[in-house]
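I wanted to go through this chain element by element and write down what I looked up along the way. The entries below follow the order in which I checked things.

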Amino acid sequence: GRLLFVGDIHGCVDEFRGLIDSLAFNQQKDTLVLVGDLVNKGPSSGEVVRLARDLNAFAVRGNHEDELLEAWYRVGRFANSLDSYKHDALYQV
């Protein structure tokens with residue numbers, strides 16, 4: 001099987017699915033490693049996370065996942081307010 005690395009999906013599930021399809025990804029043979037920035041910017045962060053889980057992908061946490069986790073747990077830069085969190089990913093996961 002192949003070892004496939006994909007990064008910077010940024011919530012774009014349609015493009016992610018298209019890439020997986022174009023690679024003829026075989027879940028029984030291939031290994032998928034996502035190298036950060038699965039979420040934020042695009043419209044479908046929650047769907048990207050669900051698809052990654054469905055594909056049994058491994059993932060490395062990127063700066064956008066850090067931002068989402070800080071917002072989710074209301075720590076770090078979002079300890080006092082979510083006013084500066086500008087993405088809808090928080091409400092999709």
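**Entry 1: Fold and sheet**

I read the elements of the chain from the N terminus on as β-α-β-α-β-α, which comes to three helices and three strands, where helices (H or I, at least four residues) and strands (E, at least two) are DSSP runs numbered from the N terminus. I am working from a predicted model, in which local features need pLDDT of at least 70 and side-chain atom pairs count only at pLDDT 80 or more, while totals for chains, interfaces and linings use all residues. Residues are numbered from 1 along each chain as its sequence is written, and side-chain values use heavy atoms, with hydrogens and water left out.

I then looked at how the strands pair, taking two strands as paired if DSSP finds at least two bridges between them. Strand S1 (residues 3-6) runs parallel to strand S2 (residues 31-34) and is joined to it by four bridges, and in S2 I found Val33 as the bridge partner of Phe5. S2 also runs parallel to strand S3 (residues 58-59), with two bridges between them, and here Ala59 in S3 is the bridge partner of Leu34.

**Entry 2: Extent and burial**

I noted that the C-alpha trace spans about 45 × 20 × 15 Å along its principal axes. Of the 93 residues in the chain, 39% are buried, where buried means under 20% relative accessible area, exposed over 50% and partly exposed in between (1.4 Å probe, protein chains only).

**Entry 3: Salt bridges**

I counted four salt bridges, each being a side-chain nitrogen of Lys or Arg within 4 Å of a carboxyl oxygen of Asp or Glu. In one of them, Asp30 and Arg2 have their closest N and O atoms 2.7 Å apart. This pair links distant parts of the chain, since Asp30 is in the loop between H1 and S2 and Arg2 in the segment before S1, 28 residues apart. Asp30 is buried at 9% relative accessibility, whereas Arg2 is partly exposed at 35%.

Another joins Arg17 and Glu47, with the closest N and O atoms 4.0 Å apart. Arg17 lies in helix H1 and Glu47 in helix H2, so the pair ties together parts that are 30 residues apart in sequence. Arg17 is partly exposed at 36%, and Glu47 is partly exposed at 34%.

I also looked up Arg61 and Asp66, whose closest N and O atoms are 2.5 Å apart; Arg61 counts as exposed at 57% relative accessibility, and Asp66 as partly exposed at 27%.

**Entry 4: Loop residues**

Which residues other than glycine did I find with a positive phi? Asn40 has a phi of about 75°, and Lys41 has one near 80°. Asn40 is in the loop between S2 and H2, and Lys41 is in the loop between S2 and H2 too. Asn40 is buried, with a relative accessible area of 1%, whereas Lys41 is exposed, with 61%.

In the loop between S3 and H3 I checked Val60, which is partly exposed at 46% relative accessibility. Val60 and Asp37 are 23 residues apart in sequence, and their C-alpha atoms are 8.6 Å apart in space.

**Entry 5: Aromatic pair**

I counted one aromatic pair, pairing rings of Phe, Tyr and Trp (its six-membered ring) if their centres lie within 6.5 Å, with planes under 30 degrees apart counted as stacked, over 60 as edge-to-face and the rest as tilted. The pair is Phe78 with Tyr85, edge-to-face at 5.5 Å centre to centre and 85° between the planes. Phe78 and Tyr85 are both buried.
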